[in-house]
Amino acid sequence: MDILSALQISFAQLIGPSAIFYALLAIGLNLHFGYAGLLNFGQIGFALLGGYGVGIMTVTYHQPLWLGILVGLGAAALLALILGVPTLRLRADYLAIVTIAASEILRLVFRSTASDPVTGSTNGLYGFAGPFTESSPFDSGRQYSILGMRFYGDDLWAMVIGWTLVLVLCGFVYLLTHSPWGRVLKAVREDEDAARSLGKNVFVYKMQALVLGGVIGGLGGVFNALQTKSINPDFYSTAQTFFAFGALILGGAATVFGPVLGAMLFWFLLAIPDALLRQAISGPNPLLPLTEQQVGAMRFVLLGVLIAVMMVFRPQGILGNKREVQLDA
């Protein structure tokens, strides 16, 4: 077993573009679930609209990239309004059902052959990230070494932009949650009736949180589209939302840096068993009788067991406060 090689691969995942994407999704979910007590099981739908807003406007309608980004974020905000109006006055489980259904409906609509002239159907869209990559100070074809980890220039540029964006959003969330607005939002999460008795419009505060978290999710979709330079509808499956929830639970809900730490650890803990198991099944005399597909599934099983154990002994996550996650359902 080459432990050093496995650690290098895992640390590359720890700070890589995938961790950034799921950190952005988890930051949005943190506003929904951690601070407002909203159960959004369709965060990937907001990311889909963010990514396709960029792709459709630039590829299909030949508009500038900045306009595509604005359209993607605007579409994510509009989706939050459409979903929030009929559900936020009801119980939390109604929002959960509606969001997971909406994200799956969007995925199926965008991959249908009827939408091929606009969305590219199952082939997706590509060829729109030119302005983003051309602004990079790094050579796209060159590999750069950082503490033994190697990244191509395009990925390194995406990481610089992505982590800067994550830090800015963390600061934004900190200011929001430590403002009077954030304190009211926590009060709404803890006891809606008490907040109403003090004259607060609970529906408006929930809607604001849903829109803000959805726009951050859309920003994650924009980042993923620019980093991968392509958009495919099958990527935006429901499982991606639950990966982001796993990252949020791992790091700690209702904390500023919990979603970021959780996303980093999520991919690190996925990469470690993956690298070690692939070494164990390689060569003429493999240590384990597993196939490549079984290794891919086994890493999720191991991570799931770890999260389940952590929920028993530390349900608040690594950085969380146990009182913060004891929501009044």
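I began at Lys229, which sits in the loop between H11 and S4. The model is a predicted one.

**Entry 1**

I looked up phi of Lys229 and found a value near 65°, positive in a residue other than glycine. Most residues other than glycine have a negative phi.

I turned to Ser121. Ser121 is not a glycine either, yet its phi is positive, at about 55°. I placed Ser121 in the loop between helix H6 (116–119) and strand S1 (125–126). Is Ser121 buried or exposed? The relative accessibility is 5%, so Ser121 counts as buried.

I also checked Gly120. Gly120 lies in the loop between H6 and S1. I read 10% relative accessibility for Gly120, which therefore counts as buried. I took a C-alpha to C-alpha distance from Gly120 to Ile56 and got 9.0 Å. In sequence, Gly120 and Ile56 are 64 residues apart.

**Entry 2: H2 against H11**

Two packed helices are described by the angle between their axes and the distance between the axes. I looked up both values for helix H2 (residues 17–35) and helix H11 (residues 202–228). The angle is about 170°, and the axes are 7 Å apart. Angles over 145 degrees count as roughly antiparallel, so I wrote H2 down as roughly antiparallel to H11. Which residue classes make up the contact of H2 with H11? I noted 13 nonpolar and 9 polar residues, and no charged ones.

**Entry 3: Trp181**

I found Trp181 in helix H9 (residues 180–190). The relative accessibility of Trp181 is 16%. Buried means under 20%, so Trp181 counts as buried. I checked Trp181 against Leu210 and found them 29 residues apart in sequence. In space, their C-alpha atoms are 14 Å apart.

**Entry 4: salt bridges**

Side chains of opposite charge can pair when their charged atoms come close. I searched the whole structure for salt bridges. How many are there? The search finds 11. I followed up several of them.

I started with Arg107 and Glu104. Their side chains meet in a salt bridge at 2.5 Å, N to O. Both residues lie in helix H5 (residues 92–111). They are 3 residues apart, about one turn of the helix. I looked up cover for each partner. Arg107 has 13% relative accessibility and so counts as buried. Glu104 has a relative accessible area of 23%, so I noted Glu104 as partly exposed.

Next I took Arg111 and Asp234. Their side chains meet in a salt bridge at 2.8 Å, N to O. This pair links distant parts of the chain, 123 residues apart. I placed Arg111 in helix H5, and Asp234 in the loop between strand S4 (230–231) and helix H12 (238–251). With a relative accessible area of 27%, Arg111 is partly exposed. Asp234 is partly exposed too, at 36%.

My next pair was Arg278 and Asp274. They form a salt bridge whose closest N and O atoms are 3.0 Å apart. Both lie in helix H13 (residues 258–281), 4 residues apart, about one turn of the helix.

**Entry 5: a patch on the surface**

I looked for nonpolar side chains on the surface. Val301, Val305, Val309, Val312 and Phe313 form a nonpolar patch there. What is their accessible area together? I noted about 510 Å².

Phe313 lies in helix H14 (residues 292–313). The relative accessibility of Phe313 is 70%. Exposed means over 50%, so Phe313 counts as exposed.

How values were computed:
Residues numbered from 1 in each chain as written. Predicted model: local features only at pLDDT ≥ 70, side-chain atom pairs only at ≥ 80, totals over all residues. Heavy atoms only, no water. Axes fitted to C-alpha atoms, helices over the stretch in contact; angles between N-to-C directions. Helix = DSSP H or I, 4+ residues; strand = E, 2+ residues; numbered from the N terminus. Parallel < 35°, antiparallel > 145°, perpendicular 65-115°, else oblique. Nonpolar A, V, L, I, M, F, W, Y, C, P; charged D, E, K, R; others polar. Patch = residues over 30% accessible without salt bridge, like charges linked within 9 Å, V, L, I, M, F, W, Y side chains within 5 Å. Areas by Shrake-Rupley, 256 points an atom, 1.4 Å probe, with all protein chains shown as cover. Salt bridge = Lys/Arg side-chain N within 4 Å of Asp/Glu carboxyl O. Buried < 20%, exposed > 50% of the residue type's maximum accessible area, 1.4 Å probe, protein only.
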